[in-house]
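Please keep the structure in view while reading.

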Protein chains: 2
Amino acid sequence: MSLKYAVIGSGALGGFYGGKLAQAGKEVHFLFHRDYEFVRQHGLQVDSVSGDFHLLNVNAYRSTAAMPVVDVVLVCLKTTNNALLETMLPPLMHPDTVVVLIQNGLGVEADLATVFPQQPIAGGLAFICSNKVGDGHIAHLDYGRLNLGLYQVDVESVIHQISADFVQSGVPAEVSPNLMKARWQKLVWNIPYNGMTVVLNTTTDRLMKNESTRRLMHELMQEVIAGANACGAGVKESFADKMLELTDSMTPYAPSMKLDFDFCRPMEIEYIYSRPIQAALKAGFDMRKVAMLEAQLRFIQSAFTLK
Amino acid sequence: MSLKYAVIGSGALGGFYGGKLAQAGKEVHFLFHRDYEFVRQHGLQVDSVSGDFHLLNVNAYRSTAAMPVVDVVLVCLKTTNNALLETMLPPLMHPDTVVVLIQNGLGVEADLATVFPQQPIAGGLAFICSNKVGDGHIAHLDYGRLNLGLYQVDVESVIHQISADFVQSGVPAEVSPNLMKARWQKLVWNIPYNGMTVVLNTTTDRLMKNESTRRLMHELMQEVIAGANACGAGVKESFADKMLELTDSMTPYAPSMKLDFDFCRPMEIEYIYSRPIQAALKAGFDMRKVAMLEAQLRFIQSAFTLK
């Protein structure tokens, strides 16, 4: 039996991953916001390093109330919009619908589980460099791997089927046996680089070139790993060195939080900083430098919200 | 016997303190840099909350080589210029000349002592709000207390005479029995507010209004106190609360490092951050958040030097 998909938040992430599934012939229904009219008329364009494609007849909607019930909901919203999920998701769900939160940070599944305690919930970590470059127009610049993991309700076979659907559609995907570990591992990169590029108004390469901040990025990574391990995630200390090497090999890069800051959008401070800090603290480890970065970001957020 | 004074660095600090001594009839010789010609022609104007005054005949020089030997040298330079002292001081000194470093931070006396191991050296902490507002023109806005302390060579009677000269000239001055403690206490305020106003490009009052940064300022103070006490300074933990209250009562304020940053002058990172961090670390305490602030400042310094 083939799975029916819905994509909530059809931007840089949702437009690409949903687009790949649709292009491979899967049934995908997309929720659009500002781009709805444009996509209805012109379709969806994806410029991708692994091959450009255009979807002409897109199942596009402007409200989930108008969408059909599906088997899988791919949530690709910014976490700053997660309060909307309580009202957005029900029209899409049957009792076995798997909600996959393709989002950064820690605690997104736990929060959704308090609202839908019986629903299958999974997480997804996207290792991708993609941007929305215009109306109904996504640019996929590099990478693309999708790491999936179950959070609640044992729907092992379905999550593997989702992963297989992605692989069939040309997206490198895999199912992680330990979603919490996968989320913490991604935070080892996200926590230092997202916040520091905002606070110092810079790019990843400049942070790496300066001796003081290069050392600081390493220390922040080590602190996140210590926090992860206090929570039982089992992340190796050498993982920090790998992430430094990875960043050295990357082209100069503005992480998603820096783009949010530059475009005056709310930053994902809650799930990328506050929740990991709280989780580590509860487990007995104080991520002191990460907490300082959080405070600086909250100051910046409130300063530019006041404008 | 009355003391002869030299002032090295006749700006917001040196112009005020030296000006007060000169106005009270003490013999004071001033080293000027850019303002030399102006002061020779027009004198020195001090607009002060405790009474404006003008000095018409100022002993002004543009090089210490032209200055007489004195009994006391008041060093009011930014610490970023301290490498110049090795060549600037000798023309002013007899074997008992007391060099008073009226500067912020930790380690300035120790560095000078390696160059002049036999010379009497003292420190001075200025609790003052003053600015240079034009050529030969100082504005003294608030406070003014001067805290003096001996570093090397026991010249107890001279340091008390210097203090008495200031008191006679209308400057509240006192001799501290513990210069290291006095320096650390000033750092409890200077470390959090100087760096954070630069990194977040803001003022003291805004840091106090935001809940996250207010808590962070308190944590940074507590960390400095822990560092101070690891070094044996004996600073009470309640001193942090006093400093928070003081800051709440202050008018919105840009600390000296913020002014340096705004006017693209080098920041006093070495003596206000690096030395205290190293001293605490050597004594077994890692000021982790202060070290993060130092790294951020070094990044900013290198970024605006590269412009």
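## Basis for the contacts

Two residues are taken to be in contact if their C-beta atoms, placed from the backbone, lie within 7 Å. The model discussed here is a predicted one.

## Helices H6 and H11 of chain A

With that cut-off, Leu187(A), Asn190(A), Ile191(A), Asn194(A) and Gly195(A) of H6(A) meet Ile272(A), Tyr273(A) and Pro276(A) of H11(A). Sorted by class, this contact of H6(A) with H11(A) holds 5 nonpolar and 3 polar residues, and no charged ones.

The two elements concerned are helix H6 of chain A, residues 179–199, and helix H11 of chain A, residues 269–282, which pack at an angle of about 120 degrees with their axes 10 Å apart. Since angles of 65 to 115 degrees count as roughly perpendicular and those over 145 as roughly antiparallel, this angle makes H6(A) oblique to H11(A). The crossing in which H6(A) passes H11(A) is left-handed.

## Helices H6 and H9 of chain B

In chain B, helix H6 (residues 179–199) and helix H9 (residues 239–249) have axes that come within 10 Å and cross at roughly 50 degrees. H6(B) and H9(B) are therefore oblique to each other, and their crossing is right-handed. On the side of H6(B) the contact is made by Gln185(B), Val188(B) and Trp189(B), and on the side of H9(B) by Phe239(B), Ala240(B) and Met243(B). The residue classes in this contact of H6(B) with H9(B) are 5 nonpolar and 1 polar, with no charged residues.

## How the two chains meet

Between the chains, 16 residues of chain B are in contact with 16 residues of chain A. On the side of chain B that touches chain A, the elements giving two or more residues are helix H8 (211–230) and helix H12 (288–306) of chain B, and H12(B) supplies the largest share, 9 residues. By class, this side of chain B has 7 nonpolar, 5 polar and 4 charged residues.

What relates the two copies?

## Helix H1 of chain A

Helix H1 of chain A, residues 14–23, is mostly covered, with 9 of its 10 residues buried. The buried residues in H1(A) are Gly14(A), Gly15(A), Phe16(A), Tyr17(A), Gly18(A), Gly19(A), Lys20(A), Leu21(A) and Ala22(A). Just after H1(A), Gly25(A) takes a positive phi of about 95 degrees.

## Tyrosine 143 in both chains

Most residues other than glycine have a negative phi. In chain A, however, Tyr143(A), which is not a glycine, has a positive phi near 55 degrees; Tyr143(A) lies in strand S9 of chain A, residues 137–152. Is Tyr143(A) buried, exposed or partly exposed? It counts as partly exposed, because it has 13 C-beta neighbours inside 10 Å.

In chain B, Tyr143(B) likewise has a positive phi of about 55 degrees although it is not a glycine, and Tyr143(B) is found in strand S9 (residues 137–152) of chain B. With 13 other C-beta atoms within 10 Å, Tyr143(B) is partly exposed.

How values were computed. Residues numbered from 1 in each chain as written. Chains lettered and ligands numbered in written order. Predicted model: local features only at pLDDT ≥ 70, side-chain atom pairs only at ≥ 80, totals over all residues. Axes fitted to C-alpha atoms, helices over the stretch in contact; angles between N-to-C directions. Helix = DSSP H or I, 4+ residues; strand = E, 2+ residues; numbered from the N terminus. Parallel < 35°, antiparallel > 145°, perpendicular 65-115°, else oblique. Left-handed = near helix turned anticlockwise from the far one by under 90°. Nonpolar A, V, L, I, M, F, W, Y, C, P; charged D, E, K, R; others polar. Buried ≥ 20, exposed ≤ 12 C-beta atoms within 10 Å, placed from the backbone.
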